[in-house]
Amino acid sequence: METKEKKKRKAKGTVYIKDELCKGCGFCIEFCPLHILAFSEKFNAKGYHPPELIDDDRCSGCDICGMYCPDFAIFGEKFK
């Protein structure tokens, strides 16, 4: 059986994160359909670990992360 190489995807969108609004609930990370968000190692002013985009080439800009964020600290946007 022949293995196929992974194709390098071009991002269809991106997410914008407002670190200082984040309370570290993790909803954005849990519900991201592409699993491209993770908690960062840095702290914000409130002492929480905000999310970070770990694979920006795969982001679709679907904004599911933003729909689940109770603090409006993250949102996705599709490229035009």
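## The largest cavity

The largest cavity is lined by 16 residues. Nearest its centre lie Cys22, Cys25, Cys28, Pro51 and Cys69. A cavity is a set of points on a 1 Å grid over the protein atoms alone where a 1.4 Å probe fits but cannot get out, and lining residues have an atom within 4 Å of a point. This is a predicted model: local features need pLDDT of at least 70, side-chain atom pairs count only at pLDDT 80 or more, and totals for chains, interfaces and linings use all residues. Residues are numbered from 1 along each chain as its sequence is written, and side-chain values use heavy atoms, with hydrogens and water left out.

The largest cavity holds about 100 Å³ of space. Helix α1 (residues 27–31) gives the largest share of its lining, three residues. Helices here are DSSP runs (H or I, at least four residues), and strands are too (E, at least two).

The structure holds two cavities of 30 Å³ or more.

## Serine 40

Where is serine 40? Serine 40 sits in the loop between β2 (37–39) and β3 (51–53). Serine 40 counts as buried because its relative accessibility is 4%; buried means under 20% relative accessible area (1.4 Å probe, protein chains only).

Not counting residues up to four places away in sequence, serine 40 touches His49, Pro50, Pro51 and Glu52. Contact means heavy atoms within 4.5 Å.

Notes:
On a 1 Å grid over the protein atoms alone, a cavity is a set of points where a 1.4 Å probe fits but cannot get out, and a pocket is an open set with protein on both sides within 12 Å along at least five of seven lines; lining residues have an atom within 4 Å of a point. Grid points are joined across faces, edges and corners, and a volume is the space filled by probe spheres set on the points. Buried means under 20% relative accessible area, exposed over 50%, partly exposed in between (1.4 Å probe, protein chains only).
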